[in-house]
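I opened my notebook beside this model and looked up a few things in turn. Here are my entries, in the order I made them.

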Amino acid sequence: MAQPLEFEKPLVELEAKIRELKSFAEEKELDLSDEIITLENKATSLQRSIYGNLTAWQKTQIARQPDRPNFYDYVQLLFTDFVELHGDRAFADDQAIAGGIAFFNGTPVTVVGHAKGKDTKENIRRNFAMPHPEGYRKALRLMRQADKFGRPIITFIDTQGAYSGLSAEERGQGEAIARNLIEMSMLKVPVISVVIGEGGSGGALALGVGDRLLMLEHTFYSVIAPESCAAILWRDAAKAKEAAEAMKFTAQDLLRLGICDEIVPEPLGGAQRDYAITMENLSKALQANLTDLCALDTTDLLNKRYAKIRQVGVYSG
Amino acid sequence: MLKDLFRKPKYVTVSPTAPKKDMPDGLWVKCSGCGEILYNKELTKNLKVCQKCGTHLRMTARERIEATLDDFVEYDADLSSVNTLNFPDYEDKLAKAQAATGLQEGILTGEGIINGLSLVVGVMDSYFMMGSMGAVIGEKITRAVERAIAKKLPLILFATSGGARMQEGTLALMQMAKTSAALARLSAAGLLYISVLTDPTFGGVTASFASLGDIVIAEPGALIGFAGPRVLQQTMHQELPPGAQTAKFNLEHGIIDMVVERGQMKSMLAKLMRLHQGGC
């Protein structure tokens, strides 16, 4: 398990105590079940109070936890017969984005997503899921292919943002993202996006233009990382907490603002605590949305998608 | 010692006491390229291009419309931003930007004429909160695109922006999708869209409508890129080599079609529009 977050520490300590007591009881052949049950109830209620009242900053931290399920976990646990496809056919195979074809409950679909690694070595190979232009171009290639064969598309969003640096600038990072936005808006197949962790700015949006945006309960989707926002506006990255609150970017905020269509509940304590429950919840949500969208004819689908994208934004006059 | 004679004397750098003035409201303006003090009236007559070194200084949206269009009727002049998220100090910043620029928001859109050719046009203004894109800019561009489709007119957008507006959070981010989706429909209608990138164009604007022109033009010396210098420093602790993200850099890397001097911009736009009329 990843390092517990500051606000999780009382819970982690309590859970350690319970484990200790259990092994002590076993070792000494004592019946401490009453005490253990009391403590377990206490842990559950502590868990409820912690995870039921998370601040935007705490949610940011949970969304970034390295032991949350990543793209490959979802692929493995939600789909069957996954065949991974590689490369943008022009420059490279950017492993910050992965994708391929698979069955979802018997329906062939194209899956694409930001791929965070499980350890440092894998993260370096995948550039911490911060894609270069060729990553977005690979994603677009796979989505065009889905369009051709009439396969629905499911995208998984989990990045702190598109890679920023000389190599990205040289190869047209802006254009690569923009191209995905314009082309995704016209794909003739259903497109469902799921924010599974961090939704980092344009680098996230480049896989997120579609018919439905689902967000796991403890995720966020932001115009800029809270640290960067604080650094730029208040010249103090330490004010990230304030920036996180101010930007209203949690799944719950975005549901209210009409950007997120549905929140997928996570098990108590977060998706990393119980992969099976997370998958079950997401699988249900995906199937329901897919059934709805597959019932629409292409014109309807595209008009509804345009209306959904078109309506975002509040102004006066 | 003899060696001391060749040693460079050490000077202390004294920063100027007055803040750097680059708002074009004074009588005199200092060229950001060569430092020459220029008479503002002359400079404006020369389309804000330094007579001495050729640096293309930034223009306000109104100056650019004046310099590029023969006629202009504004759309949606009354749209203005609201602080939907209750973001700290946002109203204050908006009020200051409005007072300083005389604009409601960081873009003017409308219908215009260049050398007898009608078009729909949008011009961003970097003096309004660095041209950052919030819901109003997204909506004004989207409406302009939709009008171009309805009237079957070509569209030209002059971009200048630091990116999406942080004070509007994810709502600002989504304007990237909104403007791009509108442009998809323009493209499907077979209409021409020319994107002109001016100094500076970054972030969410580069990563959406500004990069989606059938033809993408930049002004000489304009800085254009995805990650702005400040973001690069803050997030990646990186600095790009000199010359990166200039118009020339973007041309050399195949990211834009051409670099056009301001004095030639109007005739180039007219020529491109004529080249997109007819065919067999």
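**Cysteines**

I began with Cys34(B), which is partly exposed at a relative accessible area of 33%. The model is a predicted one, and I kept that in mind throughout. Which cysteine sulfur is closest to that of Cys34(B)? I found Cys53(B), with 3.7 Å between the two sulfurs. I then counted disulfides over all chains and came to zero. I also looked up Cys294(A), which is partly exposed at 46% relative accessibility.

**Gln245(B)**

Next I turned to Gln245(B), which I located in the loop between helix H8 (229-236) and helix H9 (247-252) of chain B. Is Gln245(B) buried or exposed? Its relative accessible area is 4%, so I noted Gln245(B) as buried, the cut-off being under 20%.

I followed its side chain to two polar partners. One is the side chain of Glu169(A), with a polar contact at 3.2 Å. The other is the backbone oxygen of Ala227(B), 3.0 Å from a polar atom of the Gln245(B) side chain. Leaving aside neighbours within four places in sequence, I listed the contacts of Gln245(B), among them Phe202(B), Leu223(B), Phe226(B), Pro229(B), Leu240(B) and Asn250(B). Glu169(A) is in that list too.

**The largest pocket**

How much space lies in the largest pocket? I wrote down about 1300 Å³. Its lining has 50 residues, and those closest to the centre are Ile224(A), Ile232(A), Gly162(B), Met166(B) and Val231(B). H8(B) has the largest share, with six residues. Sorted by class, the lining residues are 24 nonpolar, 18 polar and eight charged.

**Helix H3 of chain A**

My last stop was helix H3 (residues 56-63) of chain A, where seven of the eight residues are buried. I noted them as Ala56(A), Trp57(A), Gln58(A), Lys59(A), Thr60(A), Ile62(A) and Ala63(A). What do the buried residues of H3(A) pack against? In chain A I found helix H2 (33-52), E5, strand E7 (220-222), H10, helix H11 (240-246) and helix H12 (251-256).

Definitions and conventions. Residues are numbered from 1 along each chain as its sequence is written. Chains are lettered from A and ligands numbered from 1 in the order in which they are written. This is a predicted model: local features need pLDDT of at least 70, side-chain atom pairs count only at pLDDT 80 or more; totals for chains, interfaces and linings use all residues. Side-chain values use heavy atoms; hydrogens and water are left out. Helices (H or I, at least four residues) and strands (E, at least two) are DSSP runs, numbered from the N terminus. Buried means under 20% relative accessible area, exposed over 50%, partly exposed in between (1.4 Å probe, protein chains only). A polar contact is a pair of N or O atoms within 3.5 Å; within protein, one must be able to donate a hydrogen and the other to accept it, and residues adjacent in sequence count only if both atoms are side-chain atoms. Contact means heavy atoms within 4.5 Å. On a 1 Å grid over the protein atoms alone, a cavity is a set of points where a 1.4 Å probe fits but cannot get out, and a pocket is an open set with protein on both sides within 12 Å along at least five of seven lines; lining residues have an atom within 4 Å of a point. Grid points are joined across faces, edges and corners, and a volume is the space filled by probe spheres set on the points. Ala, Val, Leu, Ile, Met, Phe, Trp, Tyr, Cys and Pro count as nonpolar, Asp, Glu, Lys and Arg as charged, and the others, Gly among them, as polar. A disulfide is a pair of cysteine sulfur atoms within 2.5 Å.
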